[in-house]
Amino acid sequence: MMRTDLAREPGAIRVRPAREGDLEAAAAILVAGFRGQFEAAFAERVDRAERIVARTLTLEVPRGLPGLYVAEVERRVVGTIALRRQTDPYASDWESSGILVDELGLWGGLRAMFCFSLLDQSCGHDEVYVSDVAVAPTMRRQGVGTALLAHADQVARAWGKAALALDVTARNETAIRLYRQSGYVVQRRRRLLLAGWLLHEGTWVRMRKTLTA
Ligand SMILES: CC(C)(COP(=O)(O)OP(=O)(O)OC[C@H]1O[C@@H](n2cnc3c(N)ncnc32)[C@H](O)[C@@H]1OP(=O)(O)O)[C@@H](O)C(=O)NCCC(=O)NCCS
């Protein structure tokens, strides 16, 4: 596919902290971006994924949606990224579990919780953990992903961190290419048997970027 480059137009892509009004669009982008994993976790109830993600993100509104950023083009939300420090609390765990059970029933909710718990999102005290990097399907290959990661570098510097880390499935060659191009290198590859079985993604790659002074 030919690359059209919004990134070459100064100011065309703006990355900013997410607000409550962005959450529906952000949920749609996340579900489109991680469709396979939502299908595996929610099974036949995958049609509820956008609602569940939007409700879960909404839990963080009273705290100001810490760590969630969106990219916008012509005032439309077209991409998402989440950034977390080791000491930041996870989203309100009990309440998000309640949403899963409410939407998927007890068994479906427990199954989804178990699936998500298989993803190790730990990071070191000098690192920022990057997740939820997703761009709306019609807006891909125009530099939005690159702009989101450049913003992550800025946030990491402002937080006084030395590096950024993330996990990507080995099959996601597109994302791995984006991360390499943005300065990330492979730190390790891990085989996760349960994730392979339940999420159909058995090999995970930890990538890391060291920020230069
Ligand atoms: C991965 C993703 C975020 C990339 O976003 P994007 O806005 O399209 O990325 P960019 O336009 O900034 O592309 C930057 C580089 O990534 C690589 N890349 C992006 N899309 C690609 C594609 N379809 N084919 C090959 N390489 C691609 C290229 O190296 C590209 O640079 P180039 O265009 O100069 O060759 C997007 O494809 C997406 O949302 N995918 C689904 C969700 C996902 O997998 N997220 C990552 C989870 S870890």
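This is a predicted model: local features need pLDDT of at least 70, side-chain atom pairs count only at pLDDT 80 or more; totals for chains, interfaces and linings use all residues.
**Exercise 1. The hairpin**

Describe how β2 pairs with strand β3, and characterise the turn between them.

Solution. Strand β3 covers residues 76–85, and its pairing with β2 is in the antiparallel sense over six bridges. Within this pairing, glutamate 72 stands opposite valine 77 in β3. β2 and β3 form a hairpin with two residues between them. In the turn, glutamate 74 has a positive phi of about 50 degrees.

**Exercise 2. Packing of α1 against α3**

Classify the packing of helix α1 and helix α3, and list the residues that make the contact.

Solution. Begin with the geometry. Helix α1 (residues 23–33) and helix α3 (residues 49–58) pack at an angle of about 130 degrees, and their axes are 8 Å apart. Because of this angle, α1 is oblique to α3. The crossing in which α1 passes α3 is right-handed.

Next, list the contact. From α1, Leu23, Glu24, Ala26, Ala27, Ala28, Leu30 and Val31 take part; from α3, the residues are Ala49, Glu50, Val53, Ala54, Leu57 and Thr58. By class, the contact of α1 with α3 has 10 nonpolar, one polar and two charged residues.

**Exercise 3. Packing of α3 against α4**

Carry out the corresponding analysis for α3 and helix α4.

Solution. Helix α4 comprises residues 93–117; α3 and α4 pack at an angle of about 155 degrees, with axes 10 Å apart. An angle over 145 degrees counts as roughly antiparallel. That makes α3 roughly antiparallel to α4. α3 passes α4 in a right-handed crossing.

The contact joins Arg51, Ile52, Arg55 and Thr56 of α3 with Ser96, Ile99, Leu100 and Glu103 of α4. By class, the contact of α3 with α4 has three nonpolar, two polar and three charged residues.

**Exercise 4. Packing of α2 against α4**

At what angle do helix α2 and α4 pack, and which residues meet?

Solution. The angle between helix α2 (residues 35–42) and α4 is about 135 degrees, and the axes are 8 Å apart. The two helices, α2 and α4, are therefore oblique to each other. Ala40, Ala41 and Phe42 in α2 meet Leu104, Ala112, Cys115 and Phe116 in α4. By class, the contact of α2 with α4 has seven nonpolar, no polar and no charged residues.

**Exercise 5. The shell around the ligand**

Which residues come nearest to the ligand, and which element gives the most residues to its shell?

Solution. First, consider the residues. Of the 19 residues around the ligand, those that come nearest are Gly33, Arg140, Gly145, Thr146 and Leu178.

Second, consider the elements. Those giving two or more residues to the shell around the ligand are β4 (127–135), α5 (144–158) and α6 (173–181). α6 gives the most, with five residues.

Third, consider the classes. The residues of the shell divide into seven nonpolar, eight polar and four charged.

Methods
Residues are numbered from 1 along each chain as its sequence is written. Axes are lines fitted to C-alpha atoms, for helices over the stretch in contact, and angles run from 0 to 180 degrees between N-to-C directions. Helices (H or I, at least four residues) and strands (E, at least two) are DSSP runs, numbered from the N terminus. Angles under 35 degrees count as roughly parallel, over 145 as roughly antiparallel, 65 to 115 as roughly perpendicular and the rest as oblique. A crossing is left-handed if the near helix is turned anticlockwise from the far one by less than a right angle, and right-handed if clockwise. Two residues are in contact if their C-beta atoms, placed from the backbone, lie within 7 Å. Ala, Val, Leu, Ile, Met, Phe, Trp, Tyr, Cys and Pro count as nonpolar, Asp, Glu, Lys and Arg as charged, and the others, Gly among them, as polar. A residue is near a molecule or strand if its C-beta atom, placed from the backbone, lies within 6 Å of it. Two strands pair if DSSP finds at least two bridges between them.
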